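Please keep the structure open beside the text and look up each residue as it comes up.

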Amino acid sequence: MSNAVRIHHFAKSGHAHRALVFAKLAGIAHEEVPVDLANGAHKSPEFLAMNPNGQVPVLQDGDVTVSDSNAILVYLARTYAPDWMPSTPIDEANVQRWLTLAAGEVAFGSCAARLITVFGAPLDVDFADATATKAMQKLEHGLEGRDWLVGDRPTIADVANYSYTAHAPEGNVSLDPYPNVRAWLARFEALPGFQAMPATAVGLAAE
């Protein structure tokens, strides 16, 4: 494994947590590089050269730079942890489907709800709550009778959807109606190498 992997992150960003927790779960040697969002480090010329969107996380692996949390998961899995990314066409398609949920309804649902409750972000509360419910229902249904979202072992599909789902209650999104989701979260947290994201809130500059 490369010792050149660097993950630029903000500790309370669920998007950054995806990259960090995956590196730990997969045993990928890496350096964690905190980004001082409060003082605008993500808008510095040096950071914008890595990610013009000015968002965390950003991964550097030698001459390779990857931004966007789901893209980072794909890169790390393909490069260092192939067991976390299925190779059969149907399983890979299903992983991509769950990555889309993480980037869509999870991001605009439980993630947005946390921004509203903690930061007072000027977002639509009703829309965030309704979107979070849709995402939770899809996860609950997808986990019916199974331990993991795709196949018989954890994949990056589980990693991508974990952080904001686990911290949904911080946005007043209850997990009580979703027993399959709660059991899945517990299984994920029991994986060797798991490290929790600090409770409170995501960073406004997380993607």
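1. Tyr162 has a relative accessibility of 3%, and because buried means under 20% relative accessible area, Tyr162 counts as buried. Please keep in mind throughout that this is a predicted model, and that values such as this one are computed from it.

2. The next point concerns aromatic rings. A pair of aromatic rings is described by two quantities, the distance of the centres and the angle of the planes. Counted by the rule used here, there are four aromatic pairs in the model. In one of them, the ring centres of Phe22 and Trp84 are 5.3 Å apart and the planes stand at 75°, so this pair is edge-to-face. Phe22 belongs to helix H1, while Trp84 sits in the loop between helix H3 (69-80) and helix H4 (89-119), so the pair ties together parts that are 62 residues apart in sequence. Are these two residues buried or exposed? Phe22, at 0% relative accessibility, counts as buried, and Trp84, at 8%, counts as buried as well.

3. Tyr162 from the opening point also takes part in a ring pair. The rings of Tyr162 and Phe194 have centres 5.5 Å apart and planes at 85°, so this pair is edge-to-face. Since Tyr162 lies in helix H6 (residues 156-166) and Phe194 in the segment after helix H7 (179-189), the pair ties together parts that are 32 residues apart in sequence. Ring pairs also bring in Phe188, and with it Tyr162 and Phe194 are linked into a cluster.

4. Two arginines deserve a look beside the rings. Arg153 lies over the face of Trp84, at 5.1 Å from the ring centre, and Trp84 is the residue whose ring pairs with that of Phe22. Arg187, in turn, lies over the face of Trp148, at 6.0 Å from the ring centre.

5. Turning to the strands, what is the order of the four strands in the open sheet? Reading across the sheet, the order is S2-S1-S3-S4, and the pairing is mixed. Strand S2 (31-34) and strand S4 (64-67) are the edge strands, each of them pairing on one side only. On average, and with direction ignored, neighbouring strands of this sheet are turned by 20° against each other. Helix H1 (residues 14-25) lies across S1 and S2, and runs at about 150° to S1.

6. Strand S3 can be followed through its partners on either side. Strand S1 (residues 5-9) and strand S3 (residues 58-61) run antiparallel and are joined by four bridges; in this pairing Arg6 stands opposite Gln60, and Ile7 stands opposite Leu59. S3 and S4 are also paired in the antiparallel sense over four bridges, with Asp61 opposite Val64 and Val58 having Ser67 as its bridge partner. These two strands, S3 and S4, form a hairpin with two residues between them, and Gly62 in the turn has a positive phi of about 65°.

7. Within S3, which residues cover which side? Both faces are covered, for Val58 and Gln60 on one side and Leu59 and Asp61 on the other are all buried. Leu59, which is found in strand S3, has a relative accessible area of 0% and is therefore buried. Leaving aside residues up to four places away in sequence, Leu59 touches Val5, Arg6, Ile7, Val64, Thr65, Val66, Ile72, Tyr75 and Leu76. The C-alpha atoms of Leu59 and Ala11 are separated by 15 Å, and these residues are 48 residues apart along the chain.

8. The last point is a helix pair. Two packed helices are described by the angle between their axes and the distance between the axes. H3 and H4 pack at an angle of about 150°, and their axes are 10 Å apart. Because an angle over 145 degrees counts as roughly antiparallel, H3 is roughly antiparallel to H4. The contact is made by Asn70, Val74 and Arg78 on the side of H3, and by Glu92, Leu99, Ala102 and Ala103 on the side of H4.

Notes: Residues are numbered from 1 along each chain as its sequence is written. This is a predicted model: local features need pLDDT of at least 70, side-chain atom pairs count only at pLDDT 80 or more; totals for chains, interfaces and linings use all residues. Side-chain values use heavy atoms; hydrogens and water are left out. Two strands pair if DSSP finds at least two bridges between them. Axes are lines fitted to C-alpha atoms, for helices over the stretch in contact, and angles run from 0 to 180 degrees between N-to-C directions. Contact means heavy atoms within 4.5 Å. Rings of Phe, Tyr and Trp (its six-membered ring) pair if their centres lie within 6.5 Å; planes under 30 degrees apart count as stacked, over 60 as edge-to-face and the rest as tilted. Buried means under 20% relative accessible area, exposed over 50%, partly exposed in between (1.4 Å probe, protein chains only). A charge sits over a ring if NZ of Lys or CZ of Arg is within 6 Å of the ring centre and within 35 degrees of the ring normal. Angles under 35 degrees count as roughly parallel, over 145 as roughly antiparallel, 65 to 115 as roughly perpendicular and the rest as oblique.
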